[in-house]
Amino acid sequence: MMNRFILTLFTLGLLAGALRAQTPEAGVTPAWEDKFRQLYEVLPTPNAYRNGAGMPGHAYWQNRADYDMDIRLDDAQQRIYGTETITYHNFSPDRLYYLWLQLDQNMRAQDSDTYKVRTGTVTDGENGMSFRSLAALHQDFDGGFKIEWVQDSEGNALPHTINRTMMRVDLPQPLASGESVSFRVKWWYNINERAKIGGRSGFEYFPEDDNYLYTIAQFFPRMCQYNDIDGWQNKQFLGRGEFTLPFGDYTVRLTVPGDHVVAATGTLQNSRQILTATQRQRLEQARTAEAPVLIITEEEARAAESKRSDSEKTWHFEAENVRDFAFASSRKFMWDAQGVPMGDRIVLAMSYYPKEGNPLWERYSTRSVVHTLKVYSRHTFDYPYPVAISVHTDRIGMEYPMICFNGGRPEPDGTYTERTKYGLISVVIHEVGHNYFPMIVNSDERQWTWMDEGLNTFLQYIAEQEWEPGYPSRRGPAYKIADYMRGDPQGMVPIMTNSESVMQFGNNAYAKPATALNILRETVLGRELFDFAFKQYAQRWMFKEPSPADFFRIMEDASGTDLDWFWHGWFYTTDHVDIALDEVRWYQIDTRNPDIERPLAQEAEASAPTFIGDIRNKGQETFLDRVPELADFYNQYDPYAVSILDRQEYEAYLARLDEDEKALLARDDHYYELHFTNKGGLVMPVILSFTYADGTQEVHRIPAEVWRMNPHRFSKVFVTEQPVTEIVVDPFLETADTDTGNNYWPPRVQPTRFQLFKNGGGDHENPMQRARREAEAEAEAGGQPAGPAPDDRGRKK
């Protein structure tokens, strides 16, 4: 309903100066509810190592660790045997009296804390217990490192102490600043079978051809990180919080069965002794190819997996400036490659996969690697390494420098579901993307999962959307996080929670930070400011070790925007977004002209709803009908009639106004007073869409600072030239609003469709399998199939 309001001289002044000004609520927001307070008391104080702009300071330092390793893969017993020489370089200003190493394989030791702290119940509702869960209770796998000795460079024993997943090596004399020390370690361990007990690395057994496919990581004792924030990294590995490692150079000799093919971090140094002339020629061709080139074909891989070699080969790899090393080995591998121009270099994008991965892998894996390198490099820095490798596994996704292990396997008949197809593309993008975060921008995964998973998931979304129109991204868009954020607060923790304590890991460590960055890019900063700041972060911390504070500060510094309110709300609380449009009041100016206002008032009264009693009483005889002499002036008075005095008073009113005030009075604008409530607690920009009577639309974007005086509610007046038919809050689904039901004026009710079903039904088939049956049915009926059916490799015939 439209209301008329009278302009006083004071009101006219307000309209002339601030028609659109916020109307703050009464009262002062308590300090503890100040959503815009600075994070001084939360973030560490800037210093010479990490400055207030979020960049490495003038005295920044980080230590390094170089490795020289000899590794043997025992295919008969599924074991790794290794010796390593570690050279540790102390660039810190401190004297180091001992060194700490990570023994991450010890999480699989039989006395591991990982098993001790695992919780659960015998039954899961009415579903009982899975075989895998029951098997875990009876786990007797003999995992963990078997450390045979630790020696100095002269072969003398070094005292060492194993503390679960960490090992301290005591130095004969302190390691001074600027000095280096070398020592040696010998070990072995049993490789875990991932299908039975899980794991980031391990082996998969293929009973059909009695072969193994190994994806091996965390296979050697690795140096812990020592930095200016924590000293030595000392958080035990329980299985979730990943890895915190220094950079270094690696020389690794991998001895494997003679018919195995090996993929690894780094570049192969002895290709002439390992690869055939044909394979070397194909690799060279791949460097300038427009599409992936098969280095080992499916036919060649099938032939290799059917035989056994009694000999061994040693593959020699070297990698510079990496924080870790991983490899894969199997006689089952197909291998393809394609060159990716990167500045003045060519990066080889490569994939290794068994026949069980086709047709998906030959078609999509390496092309996904190529696409990832191009998109990520545009948003960060040119990919600096010589290779980027995707290796096939059954289900997992895991990343290491230059190499990653990715799930995505079609059905045995070569068909696959849409989910499997896009799942493969997405996991390759994600895991290859981890080369940027955290393999190069080397954040502390053991403490802060979101710093690599969240940032990487954000860029994964951008890369997915550049793959094809309408790509079905699982994470990234704001509206996709709404279900999680409207959930039970008891099941949530802030993003700034240590990796081992995060609940709802996928939502909280991947999806929520990725969504926050997407909102920052699309809604708060805009793409230009965000992309510049994000690239500054990536380039300034390339091959360095940033902290959360460094990320927060550089994003503010490079964008020129105070974002403390955003970091506080999204990263330090479990508040959610629910901005309600509680009330809309519609006004027009009362002109005070009786010839205009009286007819309008009369029309408004005539169109108003009539009380039911008045309707039913109409026509009945009243006391006044029986005694008409009681009628007086008021029974004949017309309140809407305009008199000469009314017109004279109006003229006198106009005479008191100046020309600007008369112009305001003459405007035929519409004034809409909107009342908002912040029901979710998270302050956010308010985006409004106005639809007008002629069907046109206008979008208003109100910065989050509109909540600065009162984070709970505010009112605001909008001036329009024509009536508004609809107002929508968050019309583009960009703020993760958890309740869109209170976003509409007038309120909007939408029906929900539901399906009817009967219990039971036939076996599930994917769309490719159904297409085959349709083609067969058409052929049997003598008709023409509607379209080509996929062949046994998933291709159209």
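Helix 14 covers residues 548-559, and its length checks out: at 1.5 Å a residue, its 12 residues should span 16 Å, and the end C-alpha atoms sit 17 Å apart, which agrees. The expected span here is 1.5 Å times one less than the number of residues in the helix. Helices (H or I, at least four residues) and strands (E, at least two) are DSSP runs, numbered from the N terminus. All of this comes from a predicted model, in which local features need pLDDT of at least 70 and side-chain atom pairs count only at pLDDT 80 or more, while totals for chains, interfaces and linings use all residues. Residues are numbered from 1 along each chain as its sequence is written, and side-chain values use heavy atoms, with hydrogens and water left out.

Helix 14 is mostly covered, with 11 of its 12 residues buried. Buried means under 20% relative accessible area, exposed means over 50%, and partly exposed is in between (1.4 Å probe, protein chains only). The buried set is P548, A549, D550, F551, F552, R553, I554, M555, E556, A558 and S559. What covers these residues includes helix 10 (450-465), helix 12 (505-524), helix 13 (527-540) and helix 15 (564-571), where contact means heavy atoms within 4.5 Å. Just after helix 14 comes G560, with a positive phi of about 65°.

Helix 15 is mostly covered too, and here 8 of 8 residues are buried. They are D564, W565, F566, W567, H568, G569, W570 and F571. The cover over helix 15 includes helix 10, helix 11, helix 12 and helix 14.

E597 counts as buried, at 12% relative accessibility. Its side chain makes a polar contact of 2.8 Å with the side chain of T591. A polar contact is a pair of N or O atoms within 3.5 Å; within protein, one must be able to donate a hydrogen and the other to accept it, and residues adjacent in sequence count only if both atoms are side-chain atoms.

Among the strands, strand 30 (residues 713-720) has 7 of its 8 residues buried, so it is largely enclosed by the rest of the structure. Two strands pair if DSSP finds at least two bridges between them. Within this pairing, T677 stands opposite R713 of strand 30.

Most residues other than glycine have a negative phi, and most peptide bonds are trans. The peptide bond from F437 to P438 is cis, with omega near 15°, and P438 lies in the loop between helix 9 (418-433) and helix 10. Another cis bond runs from W745 to P746, with omega near -10°; P746 belongs to the loop between strand 32 (744-745) and helix 22 (767-781).

As for phi, Q504 is a residue other than glycine with a positive value, near 50°. Q504 sits in the loop between helix 11 (482-485) and helix 12, and is partly exposed, with a relative accessible area of 39%. L733 is likewise a residue other than glycine with a positive phi, near 55°. The loop between strand 31 (724-729) and strand 32 holds L733, which counts as partly exposed at 40% relative accessibility.
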